[in-house]
Amino acid sequence: MKSVSDCRRIESLLTPYVDGEASPADVAMVDAHISQCPVCQDRVVSERVGRMLVRARAAHLAIAAPPGLRTRIVATLEPTPKRALRWRGRLSALAAAAAVVVLLVTAFEFVVPQSNVLFAAQLALDHVRCFVIELGSIDSANPQELQRAYSERYGWRVTVPPSSAEAGITLVSARRCPFWLGDHAHLLYRTGEHDVSLYITQGSERAPEDVAVLGHVERLWNARGDSYALIARGLPAGELERISDYFARATQ
């Protein structure tokens, strides 16, 4: 983990880095820093999310900002109490990334419920958050127990694919993850050194698609009236195919 002084030195380079305007030397410096600093890495993620949403909605920007937007933005800029500084770190960085998405969605009236771009961005942020900060709200790796928990707690009939040696996938835990576009069953897996998420949205279908966003690859498909999303970072194409095929068979 880099020191606070290291982060301050790199701070002025983050925006040109994300915009593609940094010099090769500065790019190398930022790459080296964020490879060891989760906080600055998540700041880069938040800026990329913001730019992605601006580009996606550029042709439909509202002339006037929605009522109350200025108040909400100003509130996010209020000085942080000194005692709250101890909470700085990966959690605050991920919260900031999520806040950027919330503000931009509000400001640009992003109301396309089937947008895979926005949906994929949410998944990327949540995937990182759940694996790094709060792994699993349902403490079990037993598929039957997880299915029962989803049913009893949320009324969901979720098929939980078990661990599979053939697919090279290990079930770790599960959560319920609320997004602005609906609630999702989030199943957490690992394959080798890679974290893998399977998101299930009941009663909702999306356009099947492979989406690359924020350094993650996502595969979206539908089955039995529900939508599924497989997400991972740095997963080789062959492993993505093998795992997605396994999940598709297991959830039919």
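Select Asp 210 and Arg 219 in this predicted model: the two form a salt bridge, with their closest N and O atoms 2.9 Å apart. A salt bridge here is a side-chain nitrogen of Lys or Arg within 4 Å of a carboxyl oxygen of Asp or Glu. Asp 210 is partly exposed at 45% relative accessibility, whereas Arg 219 is buried at 14%. These classes rest on relative accessible area: buried is under 20%, exposed is over 50%, and partly exposed lies in between (1.4 Å probe, protein chains only).

Residues are numbered from 1 along each chain as its sequence is written. Because the model is predicted, local features need pLDDT of at least 70 and side-chain atom pairs count only at pLDDT 80 or more, while totals for chains, interfaces and linings use all residues; side-chain values use heavy atoms, with hydrogens and water left out.

Helices (H or I, at least four residues) and strands (E, at least two) are DSSP runs, numbered from the N terminus. Glu 241 is partly exposed, at 37% relative accessibility.

Next, select Asp 183 and Arg 176. This pair also forms a salt bridge, the closest N and O atoms being 2.6 Å apart. Both partners are partly exposed: Asp 183 has a relative accessibility of 32%, and Arg 176 has a relative accessible area of 28%. The model has four salt bridges by this rule. Side chains of opposite charge can pair when their charged atoms come close.

Which residues have the most contacts inside the largest nonpolar core? They are Tyr 150, Ile 169, Leu 187, Tyr 189, Leu 198 and Phe 247, in a core of 27 residues. A nonpolar core is a set of buried Ala, Val, Leu, Ile, Met, Phe, Trp, Tyr and Cys residues joined through side-chain atoms within 4.5 Å. Two or more residues come from each of helix H7 (143–154), strands E1 (170–179), E2 (182–191), E3 (194–201), E5 (216–223) and E6 (226–233), and helix H8 (237–250). H8 supplies the largest share, four residues.

Apart from this core lies another, of 14 residues, including Ala 121, Val 211, Leu 220 and Ile 231. In soluble globular proteins, nonpolar side chains tend to be buried together.

Center the view on Ile 169. Not counting residues up to four places away in sequence, its contacts (heavy atoms within 4.5 Å) include Pro 162, Tyr 189, Val 196, Ile 243 and Phe 247.

Color strand E3, which is mostly covered: six of its eight residues are buried. E3 and E6 run antiparallel and are joined by six bridges; two strands pair if DSSP finds at least two bridges between them. Locate Leu 198, whose bridge partner in E6 is Leu 230.

Follow the chain to Arg 224, in the loop between E5 and E6. Its phi is near 55 degrees, a positive value in a residue other than glycine. Arg 224 is exposed, at 54% relative accessibility.

Select helix H2 (residues 24–34), where Val 30, His 33 and Ile 34 are buried. Seen down the axis of H2, the buried residues fall within an arc of 85 degrees, so they line one face of the helix; the arc is that of the directions from the helix axis to the C-beta atoms. The face turned away from the buried side carries the exposed residues Pro 24 and Ala 25.

Move to Ala 250, in helix H8. Ala 250 and Val 160 are 90 residues apart in sequence, yet 7.9 Å apart in space, C-alpha to C-alpha. Ala 250 touches Thr 159 and Pro 161, not counting residues up to four places away in sequence.

Finally, display the whole chain, which has eight helices and six strands. Of its 252 residues, 42% count as buried.
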